[in-house]
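Open the model in your viewer and keep the selection panel at hand. We will go from stop to stop, picking residues and looking at what surrounds them.

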Amino acid sequence: MDKLKTSQNIPLLLLLLALVVALSSLSDVFLTPVNLFSVGRQVSINGLLALGMTFVIIGGGIDLSVGAVVALVSAEIALLAKAGTPTVVIILAALLAGAAIGAISGLLVSKARITPFIATLATMSVCRGAVLIISEGTPITFDYNPVLSFIGNGLLGPVPFPLIVLALVAIVCHIISKNTKFGLHVYALGSSEEAARLSGINTKLVQGLTYVLSGLLCAVAALILTARVNSAQPTAGELFELDAIAAAVIGGTSMTGGIGTISGTILGVLILGVIGNGLNLLNVSSYWQYVIRGVIIVIAVGIDILRSRRAGG
């Protein structure tokens, strides 16, 4: 099974290499260190959200609130930093807030039995409204904070710190998905909730925890985003949920649950990041970029549907 999943990543790896070769021939800027660092910082945020989304989708759910959660936690971080709160407290408060919002979504899905689409749509609306109320529709800026600045813009050697955070989180997520009971139970839940329940798995707890994990990774992404621009924007995180879903599905995660890998999601994140960067370098209009992004999502979901039909015989 592992060999099969590894072989499924080979086409993605070849696609990524083809994109790199094509864009490096079309733009002299693409392979420069400055541009590659920019791509690394951008994919770090999308990657964190996609990793959380991967667990949620494998478990048979979906989380449409990730962009709004990033915006709300970002506003919290900026307000605390503006008030002169110690940095450790800011970080802990952000992580707690993200996990708490994820827990609320998880309870709505697992306990209240509201469909994931509707539950997380409601969470998204509440978070967006809360951000606008807190910020009064204007950016929240704060004074320079050396620790937060390093989180968002620092380098360890030649590598951007946010990219290192993504790599470490991806390794932890891979271990969780492959080497823990929780990871195995998430796959079982997504394959058949009833079968998982009959085999003794606490399906409600496992389902709820996938949303807590997603919320926690939203908080990490919010820390990087807020620290990078030294402010919180009320419109931050718009469409982040689409990028996270697209990266997971492109990476082989099935929208019907039970199938997916962390390595595939990381490849999906890199592919989307390279495409987005390439379109910017080629001066493609942002309007057309929205269209292209939508087409990519439709193609990825279409491939997933075909794959599911073949698997079902």
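## Stop 1: a phenylalanine pair

Start by selecting Phe 55, which counts as buried because its relative accessibility is 3%, under the 20% cut-off. Bear in mind on this tour that the model is predicted. The structure holds two aromatic pairs. Phe 55 and Phe 182 make up a stacked one, with 6.3 Å from centre to centre and 20° between the planes. Colour by element to see what this pair links: Phe 55 sits in helix α2 (residues 33–58) and Phe 182 in helix α8 (residues 181–191), 127 residues apart.

Next, pick Phe 150 and Phe 161. Is this pair stacked or tilted? The pair is tilted, at 4.9 Å centre to centre and 40° between the planes. Phe 150 belongs to helix α6 (residues 146–153) and Phe 161 to helix α7 (residues 161–179), so the pair ties together parts that are eleven residues apart in sequence. Phe 150 counts as partly exposed, at 33% relative accessibility.

## Stop 2: two helices packed together

Show residues 87–110, helix α4, together with residues 203–229, helix α10. The two helices pack at an angle of about 145°, and their axes are 7 Å apart. Look along the contact and you will find that α4 passes α10 in a right-handed crossing.

## Stop 3: the nonpolar cores

How many residues does the largest nonpolar core have? The answer is 73, and those with the most contacts inside this core are Leu 49, Leu 51, Val 70 and Val 73. Centre the view on Val 70 and display its surroundings. Apart from neighbours within four places in sequence, Val 70 is in contact with Leu 49, Cys 218, Ala 221, Ala 222, Leu 225 and Phe 240. There is also a second, separate core of seven residues, and its members include Ile 58, Tyr 187, Ala 196 and Val 206.

## Stop 4: Val 131 and Glu 136

Select Val 131 in helix α5 (residues 116–135). Val 131 is buried, with a relative accessible area of 1%. Not counting residues up to four places away in sequence, Val 131 touches Ala 68, Ala 71, Leu 72, Glu 136 and Pro 234. For a distance across the model, draw a line between the C-alpha atoms of Val 131 and Lys 204: they are 73 residues apart along the chain and separated by 29 Å.

Now move to Glu 136, one of the residues that Val 131 touches. Glu 136 is found in the loop between α5 and β1 (140–141). Is Glu 136 buried or exposed? Glu 136 is exposed, with a relative accessible area of 68%. Check the backbone too: phi of Glu 136 is near 55°, a positive value in a residue other than glycine.

## Stop 5: two loop residues

Leu 239 also has a positive phi, about 70°, although it is not a glycine. You will find Leu 239 in the loop between β4 (231–232) and α11 (240–250). Leu 239 is partly exposed, with a relative accessible area of 29%.

For the other loop residue, select Ser 65, between α2 and α3 (66–82). Ser 65 counts as buried, at 2% relative accessibility. Leaving out residues up to four places away in sequence, Ser 65 touches Ser 105, Thr 120, Thr 123 and Met 124.

## Stop 6: Ile 250

Finish at Ile 250 in helix α11. At 15% relative accessibility, Ile 250 counts as buried. Which residues are in contact with Ile 250, leaving aside its neighbours within four places in sequence? They are Leu 12, Gly 268, Ile 271, Leu 272, Ile 296 and Ala 300.

Terms used: Residues are numbered from 1 along each chain as its sequence is written. This is a predicted model: local features need pLDDT of at least 70, side-chain atom pairs count only at pLDDT 80 or more; totals for chains, interfaces and linings use all residues. Side-chain values use heavy atoms; hydrogens and water are left out. Axes are lines fitted to C-alpha atoms, for helices over the stretch in contact, and angles run from 0 to 180 degrees between N-to-C directions. Helices (H or I, at least four residues) and strands (E, at least two) are DSSP runs, numbered from the N terminus. A crossing is left-handed if the near helix is turned anticlockwise from the far one by less than a right angle, and right-handed if clockwise. A nonpolar core is a set of buried Ala, Val, Leu, Ile, Met, Phe, Trp, Tyr and Cys residues joined through side-chain atoms within 4.5 Å. Buried means under 20% relative accessible area, exposed over 50%, partly exposed in between (1.4 Å probe, protein chains only). Contact means heavy atoms within 4.5 Å. Rings of Phe, Tyr and Trp (its six-membered ring) pair if their centres lie within 6.5 Å; planes under 30 degrees apart count as stacked, over 60 as edge-to-face and the rest as tilted.
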